[in-house]
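Biologist: I have a structure to read. Please show me how to go about it.

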Amino acid sequence: RRALSGATMSSGPVASAIRTKLEHSFLPHHLQVLNESSGHNVPPGSESHFKVVIVSRKFDGKSIIDRHRMVNTTLAEEFDNGLHMLSIVAKTPEQWKDSAEVHQSPKCMGGDKD
Amino acid sequence: SLHVRLRMSPAIMIARAASFTAARALLRPAATLYPAASLVSARRFCADSHDDFKPKRKAPPTGTPGDVQERIKQQVEGAPLVVYMKGVPEQPMCGFSNRVVQILNAEGVKEFKSYNVLADDEIREGIKKYSAWPTIPQVYIKGEFQGGSDVMLEMYQSGELSTKLKEAGVPISEGR
C-alpha cells in the first residue's frame, strides 16, 4: 500500500530533504517532520532542531536504538550540515495503532548552540 | 642601577628588569600607557596579541584522534553508568540532557559518572565518532552505548531501563 505522509510543520530545504530521504528509505505509513528550532536558542528561520514521527514496516523486529540508528544513517548528510538535534519517534504500524501518542520535546535550557 | 647589555632583545630586558625604573627605561614611549605592574611581565604585555595568553574556558587538546578515542574508552568503561551531556547533572544546559538526568532520578539512581561536552570540544566530537551517533546526550551502561534522550525515555517507559540498570550493578535507592 502506498505510503502516506502526515502534515508537515515546516517547508524549508532541510525539512524537505529530511522528508524526501525518510520517505524513500522507509516507505512510511505515517511521517511527520516538525521543525522545533523556534523553541531553541537559535535565530528565527533556523532548521537546526527537528522532531520526526515515523511509522514503518522496516522497524519490525528492530530494537529502539537500531531504529534510531537507521534514521540517523539516512540523515547523515543533514547532521554534517547543520542539523543539530533530532528527536525521533519510530514505531511499527502495530505500535502506532496501539498508541499514536507522541512525547513532547523538552524545553530548551539555553545551552551552547553550535 | 641595572647594567644593560645592548645585544639582548627589548623583550628579554623587560622580563629581566629588576626594578620598575629599569623596566621603564627600556620600553618605547607608547608602553608607558600601561599600568606599572604590567610592565615587568612580558607575557602580560603581549596579552592582547596571542591566543596562548587568553583565558581558556575549555580543556586544551590532549593528542591525536586515536588518543581521544582511547580516552573515551577508558571513560565509558570506568563506571557502570556514564552519561555524556551538556552541562552537569546539577545544572543541565539542554532540555534533552536534562531529560536523561530526570529519568535517572526517577529510576532512583544514586550516582553516575557524567562528562560535560560543553567543557571539552575533543570529547564532544570524539564521543559522536565513538558511538557513531550524531547527538548529545549519550548514555553508556557497562561500557556499551544505550542511546540518547528519546531512547532513554522509551526504555524508561517500558521498564527495560530499570532492568538494565540493576543488571549492571548501578547503585539504586532502596525500594525501587
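Modeller: Start with a definition. A nonpolar core is a set of buried Ala, Val, Leu, Ile, Met, Phe, Trp, Tyr and Cys residues joined through side-chain atoms within 4.5 Å. Buried means under 20% relative accessible area, exposed over 50%, partly exposed in between (1.4 Å probe, protein chains only). This is a predicted model: local features need pLDDT of at least 70, side-chain atom pairs count only at pLDDT 80 or more, and totals for chains, interfaces and linings use all residues. Residues are numbered from 1 along each chain as its sequence is written, chains are lettered from A and ligands numbered from 1 in the order written, and side-chain values use heavy atoms, without hydrogens and water.

Biologist: Which residues touch the most other members of the largest nonpolar core?

Modeller: Leu81(B), Tyr84(B) and Leu165(B) do, in a core of 34 residues.

Biologist: What does Leu81(B) touch?

Modeller: Contact means heavy atoms within 4.5 Å. Beyond four places in sequence, the partners of Leu81(B) include Leu104(B), Phe112(B), Ile141(B) and Leu165(B).

Biologist: Which other core is there?

Modeller: Another core, of 17 residues, lies apart; among them are Phe50(A) and Leu75(A).

Biologist: How far apart are Gly143(B) and Glu77(B) in sequence and in space?

Modeller: They are 66 residues apart in sequence and 4.5 Å apart in space, C-alpha to C-alpha.

Biologist: Where does pLDDT stay under 50 in chain B?

Modeller: pLDDT is the predictor's confidence in each residue, from 0 to 100. In chain B, it stays under 50 over residues 28-49. Where pLDDT is low, the predicted coordinates should not be read in detail. The mean for chain B is 79, and 66% of its residues reach 70 or more.
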